[in-house]
Amino acid sequence: MRMWGTVFRYFGGVQVDMEFGLDYDKLFLGLIRWLLPLTVCLLAEGVWLEKRNRMELLARFRYGTDKRWWRVKFLRGFRFGIAVGAILFCIALAADGLSPAGISQETGKVFLLWILHFATMLSFFMALELMGLKGPAPGALLLLEGVSFLTGILSGRLSMWMYGRWGMYFQSGWFDRETGVPVFVAFAAEGFLAAVSYGAGRIFLKRGGGK
């Protein structure tokens, strides 16, 4: 069996071998590893948003309309979170003795799946933060991730539509063409969810939220 490095263990998702039955110890260990970098990035985003909130009132007056303010806030939060995720991924690369310049095709696929999945999670987080739910948001998002992944593993019919599998290389069609989630289906679904999160923020503000 191939020995996977830090990048694949923490960013590649959970590899499930059903040939000899489901090994729950390995399953939950893999899930914990997967959730760890997501947790770190969400916490960093929360700290950054907390600092930004101190200037929130002045910023809203400066941008003129709530819609413009939300667009700027969303994009800035998005950029910061993606930068943190990319830095964390580069740290994992360095731990494997690699550099971004020497990244392999497989590792590049891992990064693309993970960063787009985290981008979707970021969009959820910022919408929830806008609605005053920043405190429980990280826990709720990580719970959604874990529960939907486990549901996908245990339920064959729903597996492709389970959010928790979409960002995992080991659960993707790139790794397993027979049972993996079709990559472009995952990309389209995550793009749609990110757009819905942004739109939900606009609707919330339009109805007088966030005052």
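Two rings of Phe, Tyr or Trp, the last taken by its six-membered ring, count as a pair if their centres lie within 6.5 Å, and a pair is called edge-to-face when the planes are over 60 degrees apart. By this rule the count comes to 18 aromatic pairs in this structure, which is a predicted model.

**View 1. The aromatic pair of Phe8 and Tyr169 is edge-to-face.** The two ring centres are 6.0 Å apart, with 70 degrees between the planes. Because Phe8 belongs to helix 1 (residues 6-11) while Tyr169 sits in the loop between helix 6 (137-154) and helix 7 (183-206), the pair ties together parts that are 161 residues apart in sequence. Phe8 and Tyr169 are both buried.

**View 2. Trp174 and Phe187 also form an edge-to-face aromatic pair.** Here the distance from centre to centre is 6.2 Å, and the angle between the planes is 75 degrees. Trp174 lies in the loop between helix 6 and helix 7, and Phe187 in helix 7, so this pair ties together parts that are 13 residues apart in sequence. With a relative accessibility of 28%, Trp174 counts as partly exposed.

**View 3. Ring pairs link five residues into a cluster, namely Phe11, Phe89, Phe111, Trp114 and Phe118.**

**View 4. Lys67, Arg68, Arg71, Arg202, Lys206 and Arg207 form a positive surface patch.** Helix 4 (66-95) and helix 7 each supply at least two residues of this patch, and the largest share, three residues, comes from helix 4. Arg71, which lies in helix 4, counts as partly exposed, at 39% relative accessibility.

Terms used
Residues numbered from 1 in each chain as written. Predicted model: local features only at pLDDT ≥ 70, side-chain atom pairs only at ≥ 80, totals over all residues. Heavy atoms only, no water. Phe/Tyr/Trp six-rings, centres within 6.5 Å; stacked < 30°, edge-to-face > 60°. Helix = DSSP H or I, 4+ residues; strand = E, 2+ residues; numbered from the N terminus. Buried < 20%, exposed > 50% of the residue type's maximum accessible area, 1.4 Å probe, protein only. Patch = residues over 30% accessible without salt bridge, like charges linked within 9 Å, V, L, I, M, F, W, Y side chains within 5 Å. Areas by Shrake-Rupley, 256 points an atom, 1.4 Å probe, with all protein chains shown as cover. Salt bridge = Lys/Arg side-chain N within 4 Å of Asp/Glu carboxyl O. Lys, Arg positive; Asp, Glu negative; His and termini not counted. Charge placed at Lys NZ, Arg CZ, Asp CG, Glu CD.
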